[in-house]
Amino acid sequence: MEKDASEPEPSRQRNGFVGVLYGEFTDMLNDRVRYSVSLTESALTIQRISSSPGRTKVVFNLTDCVGCRAYRGPDSSDVGAYFTAYFYPFKRRWMSAGVARQRVEQCFRVALVQDPLANLHEAERWAHAIRDASALQASRRDGVMYTEVRRPCRVMILVNPHSGRGQALQLFTGHVQGMLTEAAVPYTLVITEHQNHARELVRKVDLSQWDALVIMSGDGLLFEVINGLMEREDWQEAIQTPLGILPGGSGNALAASIHHYSQSPPAWNEELLLSCGFMLCKGLVGSLDLVSIHLASRRRLFSFLSLAWGFVADVDIESEKYRHVGAIRFLMGTLVRLASLRVYQGRLAYLPVKEAPKLPKGSIKAHLEPSTPNHPSLCSSLPCQFVPNSSPSQNSLHNRKSTNSNQNTISNSSNNAITTKRSETQSDGKTSALVDSLLPELDQPVPESWTVVKEEDFVLVLAVYQSHIAEDLWAVPGAMADDGLIHLFYVTAGISRPALLRLFLAMEKGAHLASGCPHLVYEKVKALRLEPITPHGMISVDGEMVEYGPVQAQIHPGLARLVCG
């Protein structure tokens, strides 16, 4: 417990309010042990009353408090009442270095008079005051606009019992359920029964009955929920429902990102779950960027995490067979894929952020020399042409080049159909569909303002919009949930297996951008297009495999809302 010698002595007026709320209470188990307790707007201070000199004072910061309750004791002959405050402060770990949130409860017996109801009323007064003060002391980052989940809130918690090692439900009951009770957060638990169950549910459910939707799983279940919300007729209102995440899967990338955004010390496994549960109880809501992704079949998806092609997508999808071992599946998948490293041919173009902040010294661009033969052209404005196959049964698109490298032919055969579809979409009934104003049709060239990557041989292309792509992979140290950016990485062919492994090992500490790898390029973009030329491969969105073929994406800043501490 933290000692605070600078805290002023509270008023000596017993059980009154003069500047601070002050009272003297006994220990829950021993009436002979008495405490002086004072509550300010930011802290609960507890001091044992003793004749011994050098009394120790313990201060609990109210930012660490999730709730407080008042109640009568189990013995009907006991005239006293009780109140218990629940804190989750950062404390040193038992078996390793560093700190993590750990549960601490403080319980006091109120027996001022012989009237049980009067004592209960006093206990309730303290519990109410502690709850109100702690709600006002929720930790907020500078420059971030927050709202709050309505209190009392009604939360639907969706649990995938098969996620990760199949322990999501046990993790919930063992670590989160009690915390929600302490914070007086009522919830309804929904166990998903099959793939897309959550998507179907949120597409039809009456959202007016819920103040937040919380996912206890990996990232895949949240992908279902977001796309189910965006498929509703009232999507504009539906996507404003606050979304929460509790890590119960293998990757847990968004949970790790939210924890990082809270500026808390690194946490993993149950510690990360406790941190996310704590943020859910505090109920602060921020904005969440979503990315609109168009596939070759004209299907549109909405993504909150990543779009991957090549090495990362291969590891993500192929490691599914190792799901039973938990998060280590990604390490196993990485080693397997490194043993038979693939190179993919494709074309990549993107719309760069024009006024991106200057990168610090030591970042990736500081290490990429313009004279390096393998260095991609990052300022090219050549038109990028993607022409569809004549055969609709194939997923990949073929790149057609004229003899002049600065010119491309284009098929006009589908222009009328595309224009009609856009018109219908924009004039759709009650709620117009979300328009991707930065994206041309997939069979149209990208605008001149886009950058076309000259290289066509890649080991991986990865677009990320959160800080982490897995619980232990810190992909974008400077990312925020609502920064309005797609963080685009690509690794060109020629990188050795050891160099690629070093790159991912450095990513565990967020140090890959300063590694000086000449094959790694990082760009901040608003939109991108990828056309695989290699006929077979995998593309993943938020860790879920999607159809293989040309794909393009655009960021929509702050489209959704996220419970984030």
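The following dialogue shows how to read several features of this predicted model.

Q: Is Asp78 buried or exposed?
A: Buried means under 20% relative accessible area. Asp78 has a relative accessibility of 13%, and therefore counts as buried.

Q: Where does Asp78 lie, and which residues does Asp78 touch, not counting residues up to four places away in sequence?
A: Asp78 is found in the loop between strand 6 (65-72) and strand 7 (81-87). With residues up to four places away in sequence left out, Asp78 touches Arg72 and Arg109.

Q: With which side chain does the side chain of Asp78 make a polar contact?
A: The partner is the side chain of Tyr82, at 2.6 Å.

Q: Why does His197 count as buried?
A: The limit for buried is under 20% relative accessible area. His197 counts as buried because its relative accessibility is 16%. This residue belongs to helix 3 (residues 197-204).

Q: What surrounds His197?
A: Apart from residues up to four places away in sequence, His197 touches Ile191, Thr192 and Glu224. Its side chain also reaches the backbone nitrogen of Glu193, at 2.9 Å.

Q: How many residues apart in sequence are His197 and Gly228?
A: They are 31 residues apart in sequence, while the C-alpha to C-alpha distance in space is 9.8 Å.

Q: Which residues form a nonpolar patch on the surface?
A: Ile328, Leu331, Met332 and Leu335 form this patch, and together they have about 340 Å² of accessible area. One of them, Leu331, lies in helix 9 (residues 329-339). Leu331 has a relative accessible area of 48%, so Leu331 is partly exposed.

Terms used. Residues are numbered from 1 along each chain as its sequence is written. This is a predicted model: local features need pLDDT of at least 70, side-chain atom pairs count only at pLDDT 80 or more; totals for chains, interfaces and linings use all residues. Side-chain values use heavy atoms; hydrogens and water are left out. Patches are made of residues with over 30% relative accessible area and no salt bridge: like charges are joined within 9 Å, nonpolar side chains (Val, Leu, Ile, Met, Phe, Trp, Tyr) within 5 Å. Accessible areas come from the Shrake-Rupley method with a 1.4 Å probe; for residues, only the protein chains shown count as cover. A salt bridge is a side-chain nitrogen of Lys or Arg within 4 Å of a carboxyl oxygen of Asp or Glu. Helices (H or I, at least four residues) and strands (E, at least two) are DSSP runs, numbered from the N terminus. Buried means under 20% relative accessible area, exposed over 50%, partly exposed in between (1.4 Å probe, protein chains only). Contact means heavy atoms within 4.5 Å. A polar contact is a pair of N or O atoms within 3.5 Å; within protein, one must be able to donate a hydrogen and the other to accept it, and residues adjacent in sequence count only if both atoms are side-chain atoms.
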